[in-house]
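Thanks for coming, everyone. Please look at the screen for a moment.

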Amino acid sequence: MTFKVDFKVRHYECDLQGIVNNSVYFNYLEHARHEFLFANGVDFALLAKQKVNLVVIRSEVDYKHSLVPDDEFYIAVEPERISRIKFAFKQTLVRKHDDKVMLQAKIIGTSVNEKGRPFLPPEIDNLFKNYTQD
């Protein structure tokens with residue numbers, strides 16, 4: 001099952017051209033990932049307090065079309081295990097009124113311990129085991 005988060009474009013997120021500024025999409029994507037983690041029992045803030053930091057190491061974003069003020073949309077989030085210590089979130093931003101794909105992204109990350117060394121804590125490791133696609 002694909003996880004989805006609903007959004008609506010706010011006027012201040014748009015630039016002089018009247019479209020959502022490209023940097024704002026990163027905020028949307030991050031919010032959707034955090035909601036996905038929370039919905040799956042992973043507390044991002046608690047991990048940080050335990051000196052476990054989830055970090056983005058690569059972002060691949062394909063901008064297809066532009067959102068404008070008051071557009072309602074959702075972001076679908078699908079996790080993917082890449083290696084022993086890397087994972088990805090495939091994210092698709094879809095405008096609701098016509099189901100048009102506006103953006104596709106693949107955000108690759110890992111987690112690091114207090115010494116900055118990559119590792120996956122059990123709650124993250126288990127999360128991606130639950131979503132392994134065969």
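E13 is buried, because its relative accessibility is 6%. Buried here means under 20% relative accessible area, exposed means over 50%, and partly exposed is in between, with a 1.4 Å probe and protein chains only. What does the side chain of E13 meet in a salt bridge? The partner is R10, at 2.5 Å from N to O. A salt bridge is a side-chain nitrogen of Lys or Arg within 4 Å of a carboxyl oxygen of Asp or Glu. R10 itself counts as partly exposed, at 43% relative accessibility.

A word on the source. This is a predicted model, where local features need pLDDT of at least 70, side-chain atom pairs count only at pLDDT 80 or more, and totals for chains, interfaces and linings use all residues. Residues are numbered from 1 along each chain as its sequence is written, and side-chain values use heavy atoms, with hydrogens and water left out.

Back to the salt bridges. How many does a search of the whole structure find? Seven. One of them joins R58 and E60, with the closest N and O atoms 2.8 Å apart. R58 is partly exposed at 48% relative accessibility. E60 is partly exposed too, with a relative accessible area of 33%.

Next, R81 and D125. They form a salt bridge with the closest N and O atoms 2.9 Å apart. R81 sits in strand β3 and D125 in helix α3, residues 122–130, so this pair ties together parts that are 44 residues apart in sequence. Helices (H or I, at least four residues) and strands (E, at least two) are DSSP runs, numbered from the N terminus. Is each partner buried or exposed, or in between? D125 is buried, with a relative accessible area of 18%. R81 is partly exposed, at 29%. There is a network as well: salt bridges that share partners join E80, K90 and K106.

Now the aromatic rings. Rings of Phe, Tyr and Trp (its six-membered ring) pair if their centres lie within 6.5 Å; planes under 30 degrees apart count as stacked, over 60 as edge-to-face, and the rest as tilted. By this rule there are eight aromatic pairs. Take F3 and F36. Their pair is edge-to-face, at 5.6 Å centre to centre and 80° between the planes. It links distant parts of the chain: F3 is in strand β1, residues 3–8, and F36 is in helix α1, residues 22–39, 33 residues apart. F36 counts as buried, because its relative accessibility is 0%.

Then Y28 and F73. Their ring centres are 4.9 Å apart and their planes are at 55°, so this pair is tilted. Y28 lies in helix α1 and F73 in strand β3, so the pair ties together parts 45 residues apart in sequence. Both Y28 and F73 are buried. They also belong to one aromatic cluster, which takes in F7, Y25, Y28, Y63 and F73.

On to the backbone. Most residues other than glycine have a negative phi. Which residues stand out here? K51 is one, with a positive phi near 65°. K51 is in the loop between α2 (44–49) and β2 (53–63). It is partly exposed, with a relative accessible area of 47%. D70 is another: not a glycine, yet its phi is positive at about 75°. D70 is found in the loop between β2 and β3 (72–81). At 42% relative accessibility, D70 counts as partly exposed.

Last, the whole protein. It has three helices and five strands. Along the sequence the pattern reads β-α-α-β-β-β-β-α. The radius of gyration is 16 Å, close to the 14 Å that the globule rule gives for 134 residues, so the protein is as compact as a globular protein of that length. That radius is taken over C-alpha atoms, and the rule is 2.2 Å times the number of residues to the power 0.38. Along its principal axes the C-alpha trace spans about 45 × 35 × 25 Å.

How much of it is buried? Of the 134 residues, 37%. Contact means heavy atoms within 4.5 Å. Among contacts between residues at least 6 apart in sequence, 67% join residues at least 24 apart.
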